[in-house]
Amino acid sequence: METTSRVGAQASIAEGGQQLPSARRTVDGYLQAPFPWYGLDEAFTGPRWLMQVGTAADGAVEHGSIGHGDEPSVRSESSSAGEPREKFAVVVTVAAQPSRRSADGTGLLEATSVSSAAWLAGVGLLTFTWPGQMDHSLRDDWLEQQTETAWALADDLEGPEWSRLSLPVDGVAASFYYRESEFGWVLAGTTEAGVHLGAYGRGMSAYGLGFAVVKDVSAYA
């Protein structure tokens, strides 16, 4: 489906909105991408922040995420009494790639697709969630199981778990696959700009979102 490891899909967040020492490397990764990055359009006026890029075996940037709203922390899906629920949306941009030979010539890299974006978005949401009644020591097993479920769902976009949602991309209506769970929502679609889009969030409704090319990604660092 996509060419990077599943572990590489998980985001790295700077706590408290402060830049980590790796902030410059993060920006450089985004700037090295040969494709345009997407985020929420100008209707969203809240904070925006870079997360992490994913690369192929040869180091080429293939996907990455941009966050909007509250920077999420790992927590149970149900907030404690009196604790405000985080409101965020993350947009995942995935380069549209055909099946191609690996850099070392030893094999073929799988093509990317809308399913790639759906899987990355599904795993991204899981990264910041676990059932409140679960002991921390069991979270790795739970995350592995849910990751496999997200993979299966992403490979069956025409299945009953998904519905269709029309949202603007660069001002033009586009069709997305959309699903909700107890953890939040996930959607995925494609663009005319040579990239697939995934998104996930909680506390912010997906129905009013719009997407647009990021004009200056370094401004989000």
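**Aromatic rings in a predicted model**

A search of the whole structure, which is a predicted model, finds six aromatic pairs.

Student: Are the rings of Y30 and W37 stacked, edge-to-face or tilted?
Tutor: A pair of aromatic rings is described by the distance of the centres and the angle of the planes. For Y30 and W37 the centres lie 4.8 Å apart and the planes meet at 55°. Planes under 30 degrees apart count as stacked and those over 60 as edge-to-face, so at 55° the pair of Y30 and W37 is tilted.

Student: Is W37 buried or exposed?
Tutor: The relative accessible area of W37 is 5%. Buried means under 20% relative accessible area, so W37, with its 5%, is buried.

Student: Are the rings of W119 and W151 stacked, edge-to-face or tilted?
Tutor: Their centres are 5.3 Å apart, and their planes stand at 80°. Because planes over 60 degrees apart count as edge-to-face, the pair of W119 and W151 is edge-to-face.

Student: How many residues apart are W119 and W151?
Tutor: W119 belongs to helix α2 (residues 114–127), while W151 belongs to helix α3 (residues 139–154).

Student: Is W151 buried, partly exposed or exposed?
Tutor: W119 has 0% relative accessibility and counts as buried. W151 has a relative accessible area of 22%, and since buried means under 20% and exposed over 50%, W151 is partly exposed.

Technical notes: Residues numbered from 1 in each chain as written. Predicted model: local features only at pLDDT ≥ 70, side-chain atom pairs only at ≥ 80, totals over all residues. Heavy atoms only, no water. Phe/Tyr/Trp six-rings, centres within 6.5 Å; stacked < 30°, edge-to-face > 60°. Buried < 20%, exposed > 50% of the residue type's maximum accessible area, 1.4 Å probe, protein only. Helix = DSSP H or I, 4+ residues; strand = E, 2+ residues; numbered from the N terminus.
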